[in-house]
Amino acid sequence: MGWGCLGFLLSPVQVKRDVYDRDDGCCSFVGQGGHVCGSRYAVQLHHRIAWAHGGSNTPENLTLHCGPHNREPAT
Ligand SMILES: [Zn+2]
């Protein structure tokens, strides 16, 4: 079984809970100077590698971004 199958095995609810627990419900966006945002405002799941670019729905590829940072273009 390849990694590509994993997305179908993991419950999105469980993945979301794992990512929230790991990141403590805080935005993990790193700005200029290495400052981590840490905001809890309108926090949403964010794909490090976009789904459209082959990113998966695994906790390793997901992080939390606050509302304003979730709208930042991926770098
Ligand atoms: Zn943020």
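1. Helices (H or I, at least four residues) and strands (E, at least two) are DSSP runs, numbered from the N terminus. By this definition, alanine 42 lies in the loop between α2 and β1. The chain has 3 helices and 2 strands, and their order along the sequence is α-α-β-β-α.

2. The model is a predicted one: local features need pLDDT of at least 70, side-chain atom pairs count only at pLDDT 80 or more, and totals for chains, interfaces and linings use all residues. Residue numbers start from 1 along each chain as its sequence is written.

3. On confidence, pLDDT is the predictor's confidence in each residue, from 0 to 100. Its mean over the chain is 85, and 81% of the residues reach 70 or more. Among the elements, the lowest mean pLDDT (54) belongs to helix α1 (residues 6-9), whereas the highest (95) belongs to strand β2 (residues 62-65).

4. Helix α2 covers residues 12-23, which makes 12 residues. From its first C-alpha to its last it reaches 16 Å, close to the 16 Å expected at 1.5 Å a residue; the expected span is 1.5 Å times one less than the number of residues in the helix.

5. Burial is judged by neighbour counts. A residue is buried if 20 or more other C-beta atoms lie within 10 Å of its own, exposed if 12 or fewer, and partly exposed in between, with C-beta atoms placed from the backbone. Of the 75 residues of the chain, 13% count as buried.

6. Aspartate 23 is found in helix α2 and counts as partly exposed because it has 18 C-beta neighbours inside 10 Å. Two residues are in contact if their C-beta atoms, placed from the backbone, lie within 7 Å. Leaving aside neighbours within four places in sequence, aspartate 23 is in contact with Ser28, Thr63 and Leu64. Its C-alpha atom is separated by 9.1 Å from that of glycine 38, 15 residues apart along the chain.

7. Aspartate 24 follows α2 and lies in the loop between α2 and β1 (44-47). Although aspartate 24 is not a glycine, its phi is positive, at about 60 degrees. Aspartate 24 counts as exposed because it has 10 C-beta neighbours inside 10 Å. Alanine 42, also not a glycine, has a positive phi of about 50 degrees. With 12 C-beta neighbours inside 10 Å, alanine 42 therefore counts as exposed.

8. A nonpolar core is a set of buried Ala, Val, Leu, Ile, Met, Phe, Trp, Tyr and Cys residues joined through C-beta atoms within 7 Å. The largest one here has 6 residues, namely Val19, Cys27, Val43, Leu62, Leu64 and Cys66. Valine 43 is in contact with Gly25, Cys27, Leu64 and Cys66, when neighbours within four places in sequence are left aside.

9. Histidine 69 has its place in helix α3 (residues 67-70). Is histidine 69 buried or exposed? Histidine 69 counts as buried because 20 C-beta neighbours lie inside 10 Å. Apart from neighbours within four places in sequence, histidine 69 is in contact with Cys27, Phe29 and Cys37. The C-alpha atoms of histidine 69 and cysteine 27 are separated by 8.0 Å, and the two residues are 42 residues apart along the chain.

10. A final point concerns contacts over the whole chain. Among those with a separation of 6 or more, 58% are between residues 24 or more positions apart.
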